Amino acid sequence: GYFSDSKGNAVPRSAFDYLRDHLGYRYELISASWPSSVKQGATYELRIRVTNRGFASCPTARTFDLAYAQKSGRYIYSPGAGENVDIRTIPPAAALQPEVANQGQEIICNAVAPNAPGKHQLVVMFPEAAPAKPVSAKKSAAANPSGAPAGADARNYIRFANRDAPYWVAQDRTCAGAILGEIEITR
């Protein structure tokens, strides 16, 4: 629906509009799957499919982390869930391979459910591997009990370009990501 109006009619686009919207990287979430409930501390499989419709790859190394957000605003940060993932490996495919861009690249992660029973919003994040402004570990722990990386800033996280992908930002502004949906952690 990106090139259509609210009624589904095609919207004329100039070459300038197209280039402006695709300069740099443009990561889109195509699909995601995970179990609806998991026992606390248990390992489960998370699969997401991502494409890059931009003309370039992300210039900085990114980790693949998860957060389990609660309605109260509290969250549990789960770093390194996809330690083998680097978002830079998803090639730009907008101009070169449209069929690959539509299919995307699958990322499989063996995540560990937190020891916090209840319903959580499952959030996928791509923070910088080395934050731009390092903060002392002592100061970071005091300011951020949820465990987000020292010096993290939600403004530096990759945001999916999907118009309908809900986005979550921690109240302390240390991390942010796309909300995939709900997961229930059981005892």
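**Reading the model, feature by feature**

Reply: Let us begin with a side-chain pair: aspartate 65 and threonine 63 are joined by a polar contact of 3.3 Å between their side chains. Please keep in mind that the model is predicted.

Me: Where does aspartate 65 lie, and how far away is the nearest side chain of opposite charge?

Reply: Aspartate 65 belongs to strand β4, which covers residues 65-69. The nearest side chain of opposite charge is that of arginine 62, at 9.7 Å. A salt bridge requires the charged atoms to be within 4 Å. Aspartate 65 is thus a buried residue that has no salt bridge, but its side chain does have the polar contact with threonine 63.

Me: How should I read a helix, and which residues of α1 are buried?

Reply: The general idea is that an α-helix has 3.6 residues a turn, so residues three or four places apart point the same way. In α1, residues 15-22, the buried residues include Asp17, Asp21 and His22. These three lie on the same side of α1 because they cover an arc of only 115° around the axis. Ala15 and Phe16, on the other side of α1, are exposed.

Me: What should I know about phi, and which residue just after α1 takes a positive value?

Reply: In general, most residues other than glycine have a negative phi. Just after α1, the residue with a positive phi, about 75°, is glycine 24. Arginine 173 is not a glycine, yet it has a positive phi of about 60°. This arginine 173 sits in the loop between β8 (167-169) and β9 (176-186). Arginine 173 is also exposed, with a relative accessible area of 55%.

Me: How many disulfides does a search of the whole structure find?

Reply: A disulfide is a covalent bond between the sulfur atoms of two cysteines. Here the search of the whole structure gives 0 disulfides. Cysteine 58 is buried, at 3% relative accessible area, and cysteine 175 is buried, at 0%.

Me: How many helices and strands does the chain have, and in what order do the elements run?

Reply: The chain has 3 helices and 9 strands. Read from the N terminus, the order is α-β-β-β-β-β-α-β-β-α-β-β. Of the 187 residues in the chain, 39% are buried. Taking the contacts between residues at least 6 apart in sequence, 72% join residues at least 24 apart.

Key
Residues numbered from 1 in each chain as written. Predicted model: local features only at pLDDT ≥ 70, side-chain atom pairs only at ≥ 80, totals over all residues. Heavy atoms only, no water. Helix = DSSP H or I, 4+ residues; strand = E, 2+ residues; numbered from the N terminus. Buried < 20%, exposed > 50% of the residue type's maximum accessible area, 1.4 Å probe, protein only. Lys, Arg positive; Asp, Glu negative; His and termini not counted. Polar contact = N/O pair within 3.5 Å; in protein donor to acceptor, adjacent residues only side chain to side chain. Arc of directions from axis to C-beta. Disulfide = S-S within 2.5 Å. Contact = heavy atoms within 4.5 Å.
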